Amino acid sequence: MTKESSVKIGLIGAAGRMGKAIQEAASQQDIQLSGGIGRKGAEFGSYNDSESLAKASDVLIDFSTAAALKDNIEAALHHKKPIIIGTTGLTEADHQLIEQAASKIPVILAANTSLGVNMLAALVKQAAAKLGSDWDTEIVEMHHRHKKDAPSGTALLLGRAAAEGRGEKLEDIADLQRCPATESRETGRIGFASLRGGSVAGDHMVVFASEGERIELGHRAESRIIFARGALKAALWLADQSAGFYQIKDVLGL
């Protein structure tokens, strides 16, 4: 029996776009899902809530809502099960809750579970470290018309990577809103632009611009299945880890 077929993964948020993509990816890779729940209870399997699902699983993947986060983490803690959290739109209190849980169980918080995006973040950090704040840094992202949060969690992930590369905190140098603008661009800031429309799964580009030249590093998601594959790979990896706070870059060994 392979590891892929022996680890039982519980899926929270099974009725959503990512939940359905994870089910499809799992069936393609012979990965075992112990059950899946949504807002109305069981979507597949015999478990109606995160408590019963956690008990029956080796690891949890949560792509539900911020409102359900507390219950899902409490279930993981109660049964001492690792959990991957891909939910976006989290508050500062949510992040504190996640960090507290990571002292007792293995936790991955992933704004984006695509392996390619996380490799991009590593490249952005390296580029920012070498180029410094003399090069203007701008992050452009586009998603489908139904996405509610902006900038996207992935755009912020890339922004943090750029800021870390320069030895700074994104919160201190981010320009999240430029409309209306009354002054020219300030040197050293990291700017964000968010586009929404159609059915775009996720496009991200980081631009480093200087006088007379420009570097563009980007990633284009052609299908939501890439995020699902990354989430499943991360779940299999997390099942063997000790308590702690991890990211997808740890799964890749970056």
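Hi everyone, let's start with Asp172, which is exposed, at a relative accessible area of 54%; here buried means under 20%, exposed over 50% and partly exposed in between, using a 1.4 Å probe and protein chains only. Before I go on, this is a predicted model, where local features need pLDDT of at least 70, side-chain atom pairs count only at pLDDT 80 or more, and totals for chains, interfaces and linings use all residues. Residues are numbered from 1 along each chain as its sequence is written, and side-chain values use heavy atoms, leaving out hydrogens and water.

Back to Asp172: it is found in helix α8, helices being DSSP runs (H or I) of at least four residues and strands runs (E) of at least two, numbered from the N terminus. Together with Glu92, Glu99 and Glu171, Asp172 forms a negative surface patch. Patch residues have over 30% relative accessible area and no salt bridge, with like charges joined within 9 Å and nonpolar side chains within 5 Å; a salt bridge puts a Lys or Arg side-chain nitrogen within 4 Å of an Asp or Glu carboxyl oxygen. Helices α5 (92-101) and α8 (170-173) each supply at least two residues of that negative patch.

There is a nonpolar patch too: Met119, Leu123 and Leu254, with about 250 Å² of accessible area together. Leu254 sits in the segment after α10 (248-251) and is partly exposed, at 44%.

Finally, the sheet: 5 strands in the order β8-β9-β7-β10-β11, open, with mixed pairing. β8 (174-175) and β11 (213-221) are at the edges with a single partner strand each, so one side of each has no neighbour in the sheet. Strands pair if DSSP finds at least two bridges between them; β8 and β9 (190-196) run parallel, joined by 2 bridges.

Notes
Areas by Shrake-Rupley, 256 points an atom, 1.4 Å probe, with all protein chains shown as cover. Lys, Arg positive; Asp, Glu negative; His and termini not counted. Charge placed at Lys NZ, Arg CZ, Asp CG, Glu CD.
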